[in-house]
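This briefing is intended for a reader who is meeting the structure for the first time. Please keep the sequence and the model in view while reading the points that follow.

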Amino acid sequence: MNTSIDARTNKALPPRRSRVYWALADGLVLAKRNLVQIPRVPELLVFSTIQPVMFVLLFRYVFGGAIDVGATSYVDFLMAGIFVQTVAFGSMTTGVGLAEDLQRGLVDRFRSLPMARSAVLTGRTIADLARNAFVIVVMLVVGLLVGFRPEAGPLGWAAAIGLLLLFSFAFSWIAAAIVLMVRSVEAVQQAEFIWLFPLTFASSAFVQTDGMPGPLRAFADHQPLTQIIDAVRGFLLDQPVGSAGWQALAWCVGILLVFVPLSVSLYRRVAAR
Amino acid sequence: MAHGRPAILAEGLEKSYGETRALGGLDLQVEEGTVLGLLGAERRRQHHRGSHPHHAPQTRRRAEVTGLDVVKQAGELRSRIGLTGQYAAVDGYLTGRENLEMVGRLYHLPKSYARRRADELLERFDLVGAATRLVKTYSGGMRRRLDLAASLVFSPPVLFLDEPTTGLDPRSRLAMWDVIGELVSGGTTLLLTTQYLDEADRLANRIAVVDAGRVIASGTADDLKARVGGERLELIVTERSNLDAAARVLAPYARREGNVRVDADRRHASATVEGGAKLLAAVVRDLDAAGVQLDDLGLRRPTLDDVFLALTGHAAEQPDAESPASTGRTGGRRDKEVA
């Protein structure tokens with residue numbers, strides 16, 4: 001056969017490296033694949049950005065005047081909630097993308113390759129991390145345009161953005177696990193909405209939790225989104241963060257510790273059909 | 001590769017999907033550098049009830065490719081096989097070159113090698129002009145060629161092709177056959193599943209007919225045809241009303257009494273016969289005497305279709321290009337992408 005690379009004659013290829021190295025390398029190859037596709041389906045990015053912009057305008061100009069959040073101006077209060085909500089709903093994209101990969105034959109190709117099984121998931125979640133970083137920047141610009149005036153120093157900014165990205169990564173893995181259980185594009189969108197909607201609204205994203213009735217408030221105060229929103233808000237506005245920072249970090253790390261291995265084992269099962 | 005072993009070896013393979021038994025103790029051997037065509041009939045998938053009489057003992061069930069156990073040495077095996085399924089497993093939102101480079105990188109080839117290999121394959125599969133176009137704009141034939149190219153990135157010694165030309169137009173099909181033929185003459189071992197009997201006839205050295213998940217016959221195409229035996233005499237009558245008369249004339253010549261097949265819609269009758277041209281003259285005289293007017297009359301050698309019919313008692317399942325299976329796997333927004 002007229003080929004320069006031949007498994008039969010050139011056994012030196014590929015280079016021997018550790019499994020962890022290849023798991024990461026394969027993940028990056030697929031992350032690149034997912035990233036180059038983003039500008040080729042611009043609708044997806046445009047629509048997933050328009051929705052949070054509408055939320056900013058809705059809460060800033062429609063509800064904002066009626067919501068009392070104490071000394072802070074409402075737009076300053078609002079933006080941390082918007083960032084976290086945007087990132088949380090952004091995990092739906094992870095779900096839809098993965099569901100499409102599973103439904104199309106592409107996963108069959110991946111299964112036949114000597115690549116790390118986890119790469120399909122890490123590639124997807126890493127690409128979505130990059131995409132979410134872009135969306136956060138867009139939302140920040142929108143916020144500044146409607147009067148958001150953060151007072152964070154460099155450390156505050158680093159902490160806020162770092163936490164948002166970690167949270168984005170963690171939630172992508174939850175979405176991946178859900179997809180691997182549900183497995184159809186249509187069902188995924190519904191399934192994601194069902195848990196994301198209460199989590200984002202029964203939180204400190206748009207209002208202070210003091211006004212909520214007892215049981216709801218107890219839920220809102222102790223669920224992860226509130227911790228993350230409070231921490232991001234504190235960092236951006238240069239206010240005391242209290243225990244929210246550590247709790248937010250603990251939630252993200254805990255989610256990753258549970259959902260990364262869970263998703264990988266679910267994927268192995270799906271791929272072994 | 002271990003010498004003296006078949007490139008592909010399967011013994012007593014079983015596979016069930018829920019209640020449906022897909023493989024019921026399948027045995028296969030494919031010698032290195034040859035092509036085995038698997039002909040199957042899906043409709044007869046048996047329902048699995050309780051224990052199966054042909055249950056192979058646990059210890060005999062195994063499968064090896066290039067001497068590697070498919071379960072225990074799966075990881076190592078993956079760099080020795082190429083797989084092309086019925087659904088072109090390529091990414092519509094990448095270009096042809098990006099698809100091949102990605103596969104090369106996933107075989108852990110260095111970047112420059114992966115790129116060079118992609119270029120070689122694009123050239124060989126006549127896709128250079130389309131190399132920088134998104135695959136979703138490709139025709140069905142181009143997608144299949146790219147898919148096959150993707151499974152050849154690492155020059156695997158063993159290739160599995162699952163219905164490689166299902167749904168392709170005749171010209172793309174011929175082009176695909178040429179490419180596959182070249183691979184085989186280059187020494188690749190090939191396991192080909194197909195429902196097109198002419199495809200098996202053209203490409204395969206040996207053919208295994210699978211029914212209800214077991215091999216019921218195997219051999220070269222000629223072996224199998226010889227097993228059916230004789231030639232078929234076929235005729236088409238001018239007037240449908242004459243068809244019964246024609247069948248009566250044909251009956252005594254049929255190898256087995258009463259073995260005349262009649263298709264009223266096509267005004268067509270046929271029988272397996274022995275005796276060649278002499279017999280043909282006799283049949284013509286008898287038909288003339290019976291006052292049957294003919295549109296067409298001829299002798300033909302048995303085809304694999306006849307083999308299949310004789311062996312399984314029913315025709316091979318003919319996939320059609322728009323079968324639900326070929327569209328059912330797509331979903332959502334990117335529907336158009338699957339040709």
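In this predicted model, four strands of chain B form an open sheet in the order 13-14-12-15, with antiparallel pairing. Strand 13 and strand 15 (294–300) of chain B are the edge strands, each pairing on one side only. Direction ignored, neighbouring strands of this sheet are turned by 15 degrees against each other on average.

**Strand pairs in chain B**

- Four bridges join strand 13 (residues 260–263) of chain B to strand 14 (residues 268–273) of chain B in the antiparallel sense.
- Within this pairing, Val260(B) has Ala271(B) of strand 14 as its bridge partner.
- The hairpin of strand 13 and strand 14 of chain B has four residues between the strands, and Arg267(B) takes a positive phi near 55 degrees there.
- Strand 14 of chain B also pairs with strand 12 (residues 231–237) of chain B, in the antiparallel sense and over six bridges.
- Ser270(B) in strand 14 is the bridge partner of Glu234(B).

**Domains of chain B**

- Chain B is divided into domain 1, covering 8–225, and domain 2, covering 230–301.
- The C-alpha centres of domain 1 and domain 2 of chain B are 41 Å apart.

**Helix 6 and helix 9 of chain A**

- The axes of helix 6 (residues 154–182) and helix 9 of chain A come within 8 Å and cross at roughly 155 degrees.
- Helix 6 and helix 9 of chain A are therefore roughly antiparallel to each other, and their crossing is left-handed.
- Helix 6 of chain A contributes Gly156(A), Ala159(A), Ala160(A), Leu163(A), Leu164(A) and Phe167(A) to the contact, where they meet Ile228(A), Ala231(A), Val232(A), Phe235(A) and Leu236(A) of helix 9.
- The residues of this contact comprise 10 nonpolar, one polar and no charged.

**Helix 9 and helix 10 of chain A**

- Helix 9 (residues 224–237) and helix 10 (residues 244–271) of chain A pack at an angle of about 130 degrees, and their axes are 8 Å apart.
- Helix 9 and helix 10 of chain A are therefore oblique to each other, with a left-handed crossing.
- On the side of helix 9, the contact involves Pro224(A), Gln227(A), Ile228(A), Asp230(A), Ala231(A) and Gly234(A), which meet Ala244(A), Gly245(A), Gln247(A), Ala248(A) and Trp251(A) in helix 10 of chain A.
- The residues of this contact divide into six nonpolar, four polar and one charged.

Key. Residues numbered from 1 in each chain as written. Chains lettered and ligands numbered in written order. Predicted model: local features only at pLDDT ≥ 70, side-chain atom pairs only at ≥ 80, totals over all residues. Domains from an automatic or database assignment. Pairing = 2+ DSSP bridges. Helix = DSSP H or I, 4+ residues; strand = E, 2+ residues; numbered from the N terminus. Axes fitted to C-alpha atoms, helices over the stretch in contact; angles between N-to-C directions. Parallel < 35°, antiparallel > 145°, perpendicular 65-115°, else oblique. Left-handed = near helix turned anticlockwise from the far one by under 90°. Contact = placed C-beta atoms within 7 Å. Nonpolar A, V, L, I, M, F, W, Y, C, P; charged D, E, K, R; others polar.
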